[in-house]
Amino acid sequence: CALIFLITTFPVAAAEPPIDLQGHWAAPQVTAWINQGLLSSYPDGTFRPDQPVTRSQFITMTNAVLGLKEKALVGYSDVKPEDWFVDEIAKAKKAGYISGYPDNTIKPNNSISRQEIAIILAQILRLELLSTSDSKFVDSSQISSWSKGAFGAVIAQGILTGFPDGTCR
């Protein structure tokens with residue numbers, strides 16, 4: 001998870017992980033984050049560790065790590081007052097690390113991409129935007145121009161890394 005660098009680990013009492021986390025490679029870290037109040041399971045008691053993370057879920061985790069409380073007005077056309085994530089979107093907007101898309105949406109239910117994570121982290125950490133090295137990753141040509149500077153910055157800081165096969169995905 002890209003937030004690993006932001007989270008300070010605290011000694012916590014071991015709690016029983018959600019049923020679908022038992023035996024999962026991420027169970028120890030996810031359980032610690034649940035115990036710290038940074039994550040929660042679904043209402044049915046599952047965590048669904050192998051599902052992609054949505055934009056609203058990532059924003060919620062980021063807000064928890066940052067301890068954000070202040071909210072801005074949310075006027076995105078795809079965020080309704082009754083949505084579970086409305087307050088989290090409002091906190092992220094107030095903090096200034098999200099601004100939405102030109103069509104007045106935030107796309108809260110879309111899976112978040114590594115490029116979007118890079119932009120969020122670069123903004124939060126106020127990193128200097130850097131060009132990515134085309135030779136560093138075999139798939140660097142797939143990094144969109146809108147995220148190259150942020151992607152380069154988080155790579156240079158060691159926040160995001162590539163995969164063993166030489167890709168950045």
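Helix α5 is mostly covered, with seven of its nine residues buried. This is a predicted model. The largest nonpolar core holds 39 residues, and α4 gives the most to this core. Helix α4 also gives the most to the lining of the second largest pocket.

**Helix α5**

- The helix spans residues 148-156.
- Its buried residues are Gly149, Ala150, Phe151, Gly152, Ala153, Val154 and Ile155.
- Part of the cover over these buried residues comes from α4.
- Val154 touches Ala118, Leu121, Ala122, Leu127, Ile159 and Leu160, leaving out residues up to four places away in sequence.
- Just after α5, Gly158 has a positive phi of about 80°.

**The largest nonpolar core**

- Six residues have the most contacts inside the core: Ile89, Tyr97, Ile98, Ile120, Phe151 and Val154.
- The elements that each supply two or more residues are α1 (27-35), α2 (55-66), α3, α4 and α5.
- Helix α4 leads with six residues.
- In soluble globular proteins, nonpolar side chains tend to be buried together.

**The second largest pocket**

- Its volume is about 300 Å³.
- The lining has 13 residues, and those closest to the pocket centre are Arg55, Ser99, Gly100, Tyr101 and Ile119.
- By type, the lining divides into seven nonpolar, four polar and two charged residues.
- Helix α4, residues 114-125, gives four residues to this lining.

**Thr105**

- Thr105 sits in the loop between α3 (86-95) and α4.
- Thr105 counts as buried because its relative accessibility is 10%, and the cut-off for buried is under 20%.
- The Thr105 side chain makes a polar contact with the side chain of Asp103, at 2.5 Å.
- Beyond its neighbours within four places in sequence, Thr105 is in contact with Tyr76, Ser77, Asp78 and Gly100.
- Gly100 is also one of the residues closest to the centre of the second largest pocket.

**Points to carry forward**

- Phe151 and Val154 are buried residues of α5, and both are among those with the most contacts inside the largest nonpolar core.
- Helix α4 supplies six residues to that core and four to the lining of the second largest pocket.
- Helix α4 is also part of what covers the buried residues of α5.

Definitions and conventions
Residues numbered from 1 in each chain as written. Predicted model: local features only at pLDDT ≥ 70, side-chain atom pairs only at ≥ 80, totals over all residues. Heavy atoms only, no water. 1 Å grid on protein atoms, 1.4 Å probe; cavity = no way out; pocket = protein on both sides within 12 Å on 5 of 7 lines; lining within 4 Å. Points joined across faces, edges and corners; volume = space filled by probe spheres on them. Nonpolar A, V, L, I, M, F, W, Y, C, P; charged D, E, K, R; others polar. Buried < 20%, exposed > 50% of the residue type's maximum accessible area, 1.4 Å probe, protein only. Polar contact = N/O pair within 3.5 Å; in protein donor to acceptor, adjacent residues only side chain to side chain. Contact = heavy atoms within 4.5 Å. Core = buried A, V, L, I, M, F, W, Y, C linked by side-chain atoms within 4.5 Å.
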